[in-house]
Amino acid sequence: MSRVPVDCAHCGEPFEAPSSLRGGFVNCPRCQKATEVSKGLEPTYWLLFGGVLVVGIGLTTLAARTGGPAGGLVVGGVFLVALLLIRFGL
Amino acid sequence: MSEPFSHQSYLLRRKVFTFLGAKFHVFDPDGEVVLVIKQKAFKLKEDIRAFADEAMTEERLVIRARQAIDFSAAYDVIDSETGTKVGALRRKGFRSMLRDSWEFLDEVDRPIAKLEEDSMLKAMVRRFLTNLVPQKFHLKCGDREVVTYRQFFNPFVLKYQVDVHDPEAVEPRLALAGAILLAAIEGRQR
């Protein structure tokens, strides 16, 4: 089972918790208080990312067929920026 | 373990008239209120709070879902007094479609007990014919029954009798959290 890093919200102790506890709570091994485990990326995030990726590939192909390589590059570039923004900017 | 959770049996009762959300009371064998539970309406992520009395000033338990949308949802149970996690309960999504089924977990998600509706036949009758047949649940550690949850026959008021047979096997706060979730989550589907 993979593990996720956690910093105790009460005493600051860094430790690791099972990844199944994402979004939930775990007791800190030092102070024994329940501290929240980061939930990581939500399913809604992956839906958004996947949706933009599928639409991007479709529109880029369409633009390349109708507007030539330049059209494809422009549309593809726009979607690439959008995907990078979703992945690293949100 | 604090005094309110040292009893062998409890009665959980849903309040009939509430404006928004739901309210439950847990009584000890003498009829004294042990917990007053408030379930807020329109919460994306289930967050149930249990208090010591009607004034709702002294919080005793927090039951919180890990994810907003989760078919096999897991709920962490935290003792507000000590600030420690007691354990967790995970609903078995697919199995529960036919027969309500939950898993009781310790603080680090290791399974400690299984909760199941009494029989597949009765579960089917309740789902497809009539929900007037009262539910009964068995919480088992291996083959040993440690807690029994029994619904009273009452079409208007949801009531569960909770009998703790072995408080050493399953933490009583977790056993009560099970009753609360049965009433708040499974009860909502009816």
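Is B:Glu186 buried or exposed, and at what relative accessibility? At 0% relative accessibility, B:Glu186 counts as buried. Buried here means under 20% relative accessible area, exposed means over 50%, and partly exposed lies in between (1.4 Å probe, protein chains only).

The model is predicted: local features need pLDDT of at least 70, side-chain atom pairs count only at pLDDT 80 or more, and totals for chains, interfaces and linings use all residues. Residues are numbered from 1 along each chain as its sequence is written, chains are lettered from A and ligands numbered from 1 in the order in which they are written, and side-chain values use heavy atoms, with hydrogens and water left out.

**View 1. Surroundings of B:Glu186.**
B:Glu186 lies in helix α3 (residues 172-186) of chain B. Helices (H or I, at least four residues) and strands (E, at least two) are DSSP runs, numbered from the N terminus. Not counting residues up to four places away in sequence, B:Glu186 touches B:Arg91, B:Ser96, B:Asp100, B:Trp102 and B:Leu181. Contact means heavy atoms within 4.5 Å. B:Phe27 is 159 residues from B:Glu186 along the chain, and their C-alpha atoms are separated by 20 Å.

**View 2. The contact between chain B and chain A.**
Chain B gives 14 residues to the contact and chain A gives 15 residues. The size of an interface is often given as the accessible area lost when the parts come together. Here about 1,200 Å² is buried, and carbon and sulfur atoms give 48% of that area. Buried area is the accessible area (1.4 Å probe) that two parts lose on being put together, summed over both. The rule finds 8 residue pairs in polar contact across this interface, both residues at pLDDT 80 or more. On the side of chain B that touches chain A, the elements that give two or more residues are β5 (59-65), β6 (74-79) and β7 (84-91) of chain B. The residues of that side divide into 3 nonpolar, 4 polar and 7 charged. Ala, Val, Leu, Ile, Met, Phe, Trp, Tyr, Cys and Pro count as nonpolar, Asp, Glu, Lys and Arg as charged, and the others, Gly among them, as polar.

**View 3. The salt bridge across the interface.**
Between chain B and chain A the count is 1 salt bridge. B:Arg64 forms a salt bridge with A:Glu36, and the closest N and O atoms are 2.6 Å apart. A salt bridge is a side-chain nitrogen of Lys or Arg within 4 Å of a carboxyl oxygen of Asp or Glu.

**View 4. Strand β7(B) and its partners.**
In β7(B), 6 of the 8 residues are buried, so the strand is largely enclosed by the rest of the structure. β6(B) and β7(B) pair in the antiparallel sense over 6 bridges. Two strands pair if DSSP finds at least two bridges between them. B:Ala74 stands opposite B:Arg90 in β7(B). The hairpin of β6(B) and β7(B) has 4 residues between the strands, and B:Gly83 takes a positive phi near 75° there. β7(B) also pairs with strand β8 (residues 101-105) of chain B, in the antiparallel sense over 4 bridges. B:Arg90 stands opposite B:Glu103 in β8(B). A network of salt bridges links B:Arg66, B:Asp76, B:Lys85, B:Arg90, B:Glu103 and B:Asp109.

**View 5**
Strand β1 (residues 3-7) of chain A has a covered face, A:Val4 and A:Val6. Its uncovered face holds A:Arg3, A:Pro5 and A:Asp7. β1(A) pairs with strand β2 (residues 14-18) of chain A in the antiparallel sense over 5 bridges. A:Pro5 stands opposite A:Glu16 in β2(A). The hairpin has 6 residues between the strands, and A:Gly12 takes a positive phi near 80°.

**View 6. B:Glu117 and two arginines.**
B:Glu117 counts as buried at 1% relative accessibility. B:Arg126 forms a salt bridge with B:Glu117, the closest N and O atoms being 2.9 Å apart. B:Arg126 is buried, with a relative accessible area of 6%. B:Arg127 also forms a salt bridge with B:Glu117, at 3.2 Å between the closest N and O atoms. B:Arg127 lies in helix α2 (residues 120-128) of chain B and B:Glu117 in strand β9 (residues 111-117) of chain B, so the pair ties together parts that are 10 residues apart in sequence. B:Arg127 counts as partly exposed at 26% relative accessibility.

Conventions
Polar contact = N/O pair within 3.5 Å; in protein donor to acceptor, adjacent residues only side chain to side chain.
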